Amino acid sequence: MDNIVKAKGLDKAKDLVHDIIMPTPVAVLNAATLLGNGAPGEPGLGEIIVVDVGGATTDVYSVAQGAPRRGAAFIRGLPEPFAKRTVEGDLGVRHNIETLVEVCRNKGVPIDEEITALFHAQASRLPMNEREIAVDTTLARMAVHTSFERHVGKLEIVYGSHGETLIQTGKDLSGVTTIIGTGGPITFSPCPDLILKEILATEESKNLLKPEAGDFYLDENYILYATGLLAQSEPRKALRIVKKYLKAVSRH
């Protein structure tokens, strides 16, 4: 457990730097929380979702109450954190590519397995042509789709002596409309909105409490982690920076 929760060499680095040091995912969570909540004298964006697709993992962040939007629903399980992060260690677009290929097969999504084998053999390879870009986009789509379905809450109907009861497990994110993408497979994609659309509700996922519509943004300059670190000492400045450099993509 010590190896998992403490990055290698982090304590020694703190002794050398004598200042704030934190793992990148923690910094991104701080940035997302700041961006949602705001800072003194600088309003935030309200409830938000951030998805970060990488070569080894896909991380999902939600800064939202997640309370039932359907008044009759009862919550099952422990209370969900307002600022929540989940890490899917089997959904990287390079190092865990076999999982995403299997997801494509199960969902009937076409995937060029010759290219995925190339990506698996050369984990640092960036897409070089249209064929490879198409595969990279599909892998990112499936990473976002699967990781968010694991992150978001779900609704089920339970029948009892008093009729049907709605039971909610996890966070209801159906009312969140600000969705931010970060990580190379999204920010360098020619069609980031196609990837981020995987977060939205569909007829097939109607039991999942996904957003019904959203405004899509990109962390185009990859500064969320940096502003999350800066927020520890200069929250207002950090918030103004991240708001300035977020790039609006589209609304769906």
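**Exercise 1. How are α5 and α6 oriented relative to each other: roughly parallel or roughly perpendicular?**

Before we start: this is a predicted model, where local features need pLDDT of at least 70, side-chain atom pairs count only at pLDDT 80 or more, and totals for chains, interfaces and linings use all residues. Residues are numbered from 1 along each chain as its sequence is written, and side-chain values use heavy atoms, leaving out hydrogens and water.

Step 1. Helices here are DSSP runs (H or I, at least four residues), numbered from the N terminus.

Step 2. Get the angle: the axes of α5 and α6 cross at roughly 80 degrees and come within 10 Å. Axes are lines fitted to C-alpha atoms over the stretch in contact, with angles from 0 to 180 degrees between N-to-C directions.

Step 3. Angles of 65 to 115 degrees count as roughly perpendicular, under 35 as roughly parallel, over 145 as roughly antiparallel, and the rest as oblique. So α5 and α6 are roughly perpendicular to each other.

Step 4. Now see who touches (heavy atoms within 4.5 Å). From α5 come Glu114, Ile115, Thr116, Leu118 and Phe119, and from α6 come Arg131, Glu132, Val135, Asp136 and Leu139.

**Exercise 2. Work out how α4 and α6 sit together.**

Step 1. Their axes cross at roughly 85 degrees and come within 10 Å.

Step 2. That makes α4 and α6 roughly perpendicular, therefore.

Step 3. On the α4 side the contact uses Ile97, Leu100, Val103, Cys104 and Lys107, while α6 brings residues including Leu139, Met142 and Ala143.

**Exercise 3. Describe the pairing of α4 with α5.**

Step 1. Helix α4 (residues 97–107) packs against helix α5 (residues 113–121) at about 165 degrees, with axes 10 Å apart.

Step 2. The two are therefore roughly antiparallel.

Step 3. For the partners, Ile97, Glu98, Val101 and Arg105 in α4 meet Glu113, Thr116, Phe119 and His120 in α5.

**Exercise 4. Check the span of α6.**

Terms used: The expected span of a helix is 1.5 Å times one less than its number of residues.
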